[in-house]
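Student: I have a structure to read and would like to start with its inside. Can we go through it by question and answer?

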Amino acid sequence: MRLDARGPRAAGEVWEDYARPARWPAWSPQITGVEASADRIAAGVTGTVHGPLGLRARFAVLAVDDDARTWTWRVSVGPITAELEHGVVAVPGGTSTWLLLRAPAALALAYSPAALLALRRLVGA
């Protein structure tokens, strides 16, 4: 599943909000906190994302390309695993961001409204 959002924030600012896990709760309402093995995403960084009702999801960053402003991570809650690939692109008037969600169909459908809301908040839409 692919989700896209566009908004007025500058691409560099949007990328920095992705690149620093401590900032994720500011724009992603489904994230209440993050514990990460580093202050900035990089291949091999691991951690835990905290969500509502005590939900905890383990994650591992698989790849990051700062120049292309893309990154991929694997997120697991119990036996359920999803792979999410993100990108940030400068466009006239702001930024476009996208998410490719590779997950079981039911999970992708259930998660997509919250993910789209987060993407819109990230770009300031």
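Predicted model: local features only at pLDDT ≥ 70, side-chain atom pairs only at ≥ 80, totals over all residues.

Student: Which residues touch the most other members of the largest nonpolar core?

Tutor: In soluble globular proteins, nonpolar side chains tend to be buried together. The largest nonpolar core here has 31 residues. Those touching the most other members are Tyr18, Trp24, Phe59, Trp71 and Trp73.

Student: Which element supplies the largest share of this core, and how many residues is that?

Tutor: Several elements each supply at least two residues of the core, including strand E1 (2-7), helix H1 (11-19), strand E4 (56-65) and helix H3 (105-123). The largest share comes from H3, and that share is 7 residues.

Student: What is Trp24 in contact with, leaving aside its neighbours within four places in sequence?

Tutor: Trp24 is among the core residues that touch the most other members. Leaving aside neighbours within four places in sequence, its contacts are Asp17, Tyr18, Ile31, Val34, Ile41, Val49, Phe59, Trp71 and Trp73.

Student: Which residues of H1 are buried, and what covers them?

Tutor: The buried residues of H1 are Ala11, Val14, Trp15, Asp17, Tyr18 and Ala19. An α-helix has 3.6 residues a turn, so residues three or four places apart point the same way. The cover over the buried residues of H1 includes H2, E4, E5, E6, E7 and H3.

Student: Is Asp17, as a partner of Arg9, buried or exposed?

Tutor: The salt bridge between Asp17 and Arg9 has its closest N and O atoms 2.9 Å apart. Arg9 is partly exposed, at 23% relative accessible area. Asp17 has a relative accessible area of 13%; because buried means under 20%, Asp17 is buried.

Student: How far apart are the closest N and O atoms in the salt bridge of Arg9 with Glu13?

Tutor: Side chains of opposite charge can pair when their charged atoms come close. Glu13 is partly exposed, with 44% relative accessibility. In its salt bridge with Arg9, the closest N and O atoms are apart by 3.7 Å.

Student: How many residues apart are Arg40 and Glu16, the pair that links distant parts of the chain?

Tutor: Arg40 and Glu16 form a salt bridge, with 2.9 Å between the closest N and O atoms. Arg40 lies in the loop between strand E2 (33-36) and strand E3 (46-50), while Glu16 is in helix H1, and the two are apart by 24 residues.

Student: Which residues do salt bridges that share partners join into one network?

Tutor: The count of salt bridges comes to 10. Through shared partners, salt bridges join into one network Arg9, Glu13, Asp17 and Arg23.

Methods. Residues numbered from 1 in each chain as written. Heavy atoms only, no water. Core = buried A, V, L, I, M, F, W, Y, C linked by side-chain atoms within 4.5 Å. Buried < 20%, exposed > 50% of the residue type's maximum accessible area, 1.4 Å probe, protein only. Helix = DSSP H or I, 4+ residues; strand = E, 2+ residues; numbered from the N terminus. Contact = heavy atoms within 4.5 Å. Salt bridge = Lys/Arg side-chain N within 4 Å of Asp/Glu carboxyl O.
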